Amino acid sequence: MGMEKTKGLPSLPVPALQQTCDRYLAVLEPIVETEKLKRTRELVTDFQKAGGMGERLQKSLEKRAQGTENWLSDWWVLCAYLDYRLPVVIHSNPGLLLPRFDFRDKQGQLRHAAKLIAGVLDFKAQVDNETLPVEHMGRRPLCMNQYYQLLSSCRVPGIHRDSVVNHAKGPTASRHMVVAHHNQFFTLDVYNGDGSPLNEDQLLVQLRKICEASPQSSEEPVGILTSQDRNVWGKAYLELIKDPTNKESVEAIQRSIFTLSLDSMSHHALGETDHSGAAQQMLHGGGSHLNSGNRWFDKTLQFILGEDGMFGLNYEHAPAEGPPIVALIDHVEECMKKADMAHSPTSPLPAPRKLHFNITPDIRRHIEEAKLHLNTMVQQLDLKLLVFKHFGKNIPKSFKMSPDAFIQIGLQLAYYRLHQKPCSTYESASLRMFRLGRTDTIRSASTDSSNFAKAFDDPGKKVALLERAIKAHRAYTEMAIQGQAIDRHLLGLKLQAIEEQVSLPEIFTDPSYAAAMHFKMSTSQVPAKSDCVMCFGPVVEDGYGVCYNPKDKHINLVVSSFSTCQETDTGRMVQGVEAALLDMRTLLESTPKAKL
């Protein structure tokens, strides 16, 4: 991997302590009651006083920053992903839904699958030769490191902490992918003896062999184990790999370049236009009776192609954020549109190898438990996809407003109308301007967004309030991508205290901190060339997950919540967002342009 990918990029700054403390108090204003806030102010003052704990931790953090490529990245991947013990399904892995293909049969599925594989291999060649064009945000080059983590990698469960293996480079670099069909796994070598990738004709021949070798669905879907709580799966994993055959099979999946799930018809209840059902297939497979056993959820990159034309992927989040995944998908979609010029050489290829598993009664019990657990999770997740067709980026742009800020303020308005108060809101901001940068948090609930939402249903100066709310959001976003937001800095100070084994400063045990960290809206904008949308579950039991892709004239938006919670309601939230965006447009259009 080396420094060459990241040379020339600045390292992630450690923001000034005073600045973070001030901004922390400002973000608490709309979400914490006045009485609680008074106490928090005292704690913050105490924390940052000269010679105090804050200063000591800040100095340690600055020292850490000098000695590492990125003071945050190692900590972050552990805290956010590898130490997290809830299942990766719904709670961590995003799903990505792409427009449906126009086939409804096995032949169409396999033909498109061959094109898809060829497209990924084409992208892989750019990664391997390091010819990926460097991306920019404005004029600033972005860190490309995440692209080198996507292929040939996989999460491995542990009892208390997981890890990630990567086989992209070196003498053991992967030459095969894995295809899942009817809950069974096959390794498929994707390179010829001379190192050239198999072409579409060759791939089609191999995919047909796989389908012929797995005519019936397996009763023992080993893959479903990857949907369990991480500690439960960690224990089952040790049990599973005691058997040398199983160990070899599991390693073949972990080392594969990527996996492709060839799904059966999802089920006849799904109408042609049921995008929400299709998004659920990408996120969790629909349950053990549908396609959830036809998955290996620990795999970084898992493409999904249904017999009914459904297309998308599920990805394990530890190695990368959405944008590199979307760039890969955009590339694959372009490749799939092109006709394949190559014709296959005549030499027959060795058949793909089926991965065998020896299932002990113990493992069988684990599989049954995982099925029950997953089916409960699937039932409890209420997820809806909205294709908002009234307008897209074009409207906010025509009023010189950032489309992202416009949508975020729409979410704030919708939430306020439903719940009569603002909530702590998370929007991910990219830190890729910095070496090995991942994300920080844009806190979309501001005093300005709250003032706008409160005033919206009264007559009066609403446009000015909307403009201020948009401006505040833009300012926070700008601050976040420059490495000056508060969330990762506060986390760093907290982890530094834990590492130095000093008693945790009270600002971190304060109820205000808990409120700030309880994100009832977890949101992300994942823009793409393709007409796709990402989806994920809420991060708290009484919250919403919201992901959107603003196109020129429409917006793809997915909202999720848990049906076990009385306060949240996905259907009402979706209607609320639609109404809020329309009301904001009406507000802008009914105000004379001169005022804007």
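**Close-up views of a predicted model**

**View 1. Contacts of tyrosine 426.** Beyond its neighbours within four places in sequence, tyrosine 426 is in contact (heavy atoms within 4.5 Å) with Trp76, Thr439, Thr441, Ile442, Arg488, Phe519, Met521, Ser522 and Thr523. The model is predicted: local features need pLDDT of at least 70, side-chain atom pairs count only at pLDDT 80 or more, and totals for chains, interfaces and linings use all residues. Residues are numbered from 1 along each chain as its sequence is written, and side-chain values use heavy atoms, leaving out hydrogens and water. Tyrosine 426 is found in strand β13 (residues 425-430). Strands (E, at least two residues) and helices (H or I, at least four) are DSSP runs, numbered from the N terminus. Tyrosine 426 has a relative accessible area of 17%, so it counts as buried (under 20%; exposed is over 50%, partly exposed in between; 1.4 Å probe, protein chains only).

**View 2. Serine 428 and the recorded site.** Serine 428 also lies in strand β13. Serine 428 is partly exposed, at 27% relative accessibility. Leaving aside neighbours within four places in sequence, serine 428 is in contact with Thr439, Asp440, Ile442, Thr523 and Ser524. An unreviewed UniProt entry places the feature "binding site" at Tyr426, Ser428 and Thr439. Such annotations may be inferred rather than shown by experiment.

**View 3. An open sheet of eight strands.** The strand order is β11-β7-β6-β8-β9-β10-β1-β16, with mixed pairing. Two strands pair if DSSP finds at least two bridges between them. β11 (353-354) and β16 (533-535) stand at the edges, each with a single partner strand, so one side of each has no neighbour in the sheet. Helix α9 (residues 275-284) packs on the sheet and touches β1 (95-98), β8, β9 (301-306), β10 (311-315) and β16. The direction of α9 makes about 135° with that of β1. Angles run from 0 to 180 degrees between N-to-C directions.

**View 4. Strands β6 and β8.** β6 (residues 176-181) and β8 (residues 259-263) pair in the parallel sense over four bridges. Alanine 180 stands opposite serine 261 in β8.

**View 5. Cysteine 547.** The structure holds zero disulfides (pairs of cysteine sulfur atoms within 2.5 Å). For cysteine 547, the nearest cysteine sulfur is that of cysteine 535, 7.7 Å away. Cysteine 547 is buried, at 0% relative accessible area.
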